[in-house]
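Colleague: I would like to learn how to read a helix and its surroundings, step by step. Could you take me through it?

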Amino acid sequence: MTVNITCSTCDGRNLCDSCRTAARAFTAAGHRVEHSTRYAALRAAAAGAYGFDACVVPVSSDERSIFDAAVSLLGDRRLAIVADDTARSTLGGPPGVTILPRRSFDSGTFALDWFSKEPSTDSGLRTEEPETVAMPRIAIESLDDKIQATRRLKRVADFSRDVIATAGLAATPRLDLLAVLDDEIAWAKTSETVFGVCLVHLPGLSVARPGEPIGSGELRLTEAAKVIRSSVRSSDVISGRGDDFVVVLADADTSGAGLAAVRIASGIAGSKLRPTSKGKARARGFAAWGVGCAAFPKDGTTRESLLARATSTLKAL
């Protein structure tokens, strides 16, 4: 059997001590182990592309939404939750979900009999009130509740992704715009939500200019990201590739994306990012700096169609 060990600390490649120890225990028992981030596993489950027989999900005491959504999304797999408090009066959940003590998981001394259990077919959480209020109950009792839980999980997952990407760095690296669009489309299809996209096209921004010190282009990209960030909501996701940026606007329709595009364009136009054009004709067409927008699913349901629509609506600054 293949078990997917997920983690909110390591990236699935440079393993933390807990993941490494747990993997040895599963391997010694004759099982195959695959590592990933929690984000990657839950995103795959949301998209209907999760292919492992069993999944281990670590959850801290303040991550009730992770627990509820993991039960909802992975209820048809052998699921084990690693938690500090293993009392079912605290966590709840269907009988098919196994609760592993964090201490035994970290030391590799946890029981493996949960592998013999059949996956739970009941993804609904229990309905009675918990004995403790440390982790408020989120009941998954209807399709609407499940969709709402997926939306909340997505917000938590976005934060987790940034934490993993930063990995001790002074600033979060640029997220790849194509990967971000793929992720957003998967979440939107699962939770039946809409979202807007703003394409910020800044050709030549990172190109070295005469007399500039090395690295000035990268600094301009960083400054552009700050200007864009100040023009949108804190929950919106900014990604990029080359001299282009894509802003994903959660729950925004065409109108909302258009308003965001205006704010971004105003912010960039008022910044010091643009070089002076004394004696030169201002660039036109695709060579000009501009901002365009699109909305899912109105303007497309793939990253290619959304980018094509946003490109076709580019308005020069």
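Colleague: In which helix is arginine 24 found?

Modeller: Arginine 24 is found in helix 1, where helices (H or I, at least four residues) and strands (E, at least two) are DSSP runs, numbered from the N terminus. This is a predicted model, in which local features need pLDDT of at least 70 and side-chain atom pairs count only at pLDDT 80 or more, while totals for chains, interfaces and linings use all residues. Residues are numbered from 1 along each chain as its sequence is written, and side-chain values use heavy atoms, with hydrogens and water left out.

Colleague: Does arginine 24 count as buried or exposed?

Modeller: Buried means under 20% relative accessible area, exposed over 50%, and partly exposed in between (1.4 Å probe, protein chains only). Arginine 24 counts as exposed because its relative accessibility is 51%.

Colleague: Which residues of helix 1 are buried, and what covers them?

Modeller: An α-helix has 3.6 residues a turn, so residues three or four places apart point the same way. In helix 1 the buried residues are Cys19, Thr21, Ala22, Ala23, Ala25 and Phe26, and their cover, judged by contact (heavy atoms within 4.5 Å), includes strand 1 (2–7), strand 2, strand 3 (54–58) and helix 5 (102–107).

Colleague: What about serine 36: where does it lie, and why does it count as buried?

Modeller: Serine 36 lies in strand 2 (residues 32–37), and serine 36 counts as buried because its relative accessibility is 14%. Leaving aside residues up to four places away in sequence, serine 36 touches Asn4, Ile5, Thr6, Cys7, Gly12 and Ala41.
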